[in-house]
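Biologist: Can you walk me through this one? I'll ask as we go.

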Amino acid sequence: MKDELFLRGETVPMTKEAVRALALTKLELHRASHLIDVGAGTGSVSIEAALLFPSLRVTAIERNPAALQLLAENRQHFACRNIAILPGVAPLPVADKADAVFMGGSGGHLTSLIDWSLRQLHPGGRLVMTFILQENLHTALAHLQQVGVQGIDCLQMQVSALTPLGSGHYFKPNNPVFVIACQKEEHHV
C-alpha cells in the first residue's frame, strides 16, 4: 500500500512502504490467526496486515495519544473491524497468545519488550522488529542470541525514491532501516 493512503500526523512515526512490505513478508501471516503490533503508530502495519488477511485478528498497542487518534481514524477509514486498539505502554496484558509480533518501536525498553513478545507468541511464532538506531540493532541481536530463538535473520534496507529537482530527477534517500526476524523455538516456554 502506498504511504499516501494513510492519514498521518506531523510527529507520529509510520513504517514506510518498502519496510512494511518486507516486515509483513517476514511475519509469515499466511499461517497466523493473531498479530500483535507493538508501537503501532499510525497503524500502517496493522492495517495492511488486516486488509491482506481478513481473518487475521490484530491487536495494535500504542501509548501516544496523537498516534492513538490517527490509528483509530485509519482503522475506520479502511474499515478494518479485525483490529483491536489497546492503548497503553507495552509490556502490558494481552488477552491471548499470538502467532506473530511486530515491534516498530521499543520506547527504550527493548530487552524487556523482546522477552514479553516471546512470552506472547505461540511456539513457532514469528517476531519481527525494525530499528533505525544501530545501538538498538546490536542490543536486539545480542539479546536474541541469549534467549534462544531460531533463524535470526537481519537485513539493512536503504531505500531512495525518485524525486524531481529542477528540470531533472534524483534519488532522495530515506534513513537506513534494520529489519530483524526470528522464530520462537517450538519448545520455548
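Biologist: Where does His34 stand in the strand pairing?
Modeller: His34 is opposite Arg57 in S2. This is a predicted model, in which local features need pLDDT of at least 70 and side-chain atom pairs count only at pLDDT 80 or more, while totals for chains, interfaces and linings use all residues. Residues are numbered from 1 along each chain as its sequence is written, and side-chain values use heavy atoms, with hydrogens and water left out.

Biologist: In what sense do S1 and S2 pair?
Modeller: Parallel, over 5 bridges between S1 and strand S2 (residues 57-62). Strands (E, at least two residues) and helices (H or I, at least four) are DSSP runs numbered from the N terminus, and two strands pair if DSSP finds at least two bridges between them.

Biologist: Is S1 buried or exposed?
Modeller: Strand S1 (residues 34-38) is largely enclosed by the rest of the structure, because 5 of its 5 residues are buried. Buried means under 20% relative accessible area, exposed over 50%, partly exposed in between (1.4 Å probe, protein chains only). His34, Ile36 and Val38 cover one side, Leu35 and Asp37 the other.

Biologist: Switching topic: which residues have the most contacts inside the largest nonpolar core?
Modeller: Leu27, Leu29 and Leu35, in a core of 27 residues. H1 gives the largest share of this core, 5 residues. A nonpolar core is a set of buried Ala, Val, Leu, Ile, Met, Phe, Trp, Tyr and Cys residues joined through side-chain atoms within 4.5 Å.

Biologist: What does Leu27 touch?
Modeller: Leaving out residues up to four places away in sequence, Leu27 touches Leu35, Ala100, Val101, Phe102, Arg126 and Val128. Contact means heavy atoms within 4.5 Å.

Biologist: What about Lys26, buried or exposed?
Modeller: Lys26, in helix H1 (residues 17-27), counts as buried because its relative accessibility is 18%. Beyond neighbours within four places in sequence, its contacts are Arg126, Val128, Asp153, Leu155 and Ala181.

Biologist: What pLDDT does the chain average?
Modeller: The average is 90, and 92% of the residues score at least 70. pLDDT is the predictor's confidence in each residue, from 0 to 100.
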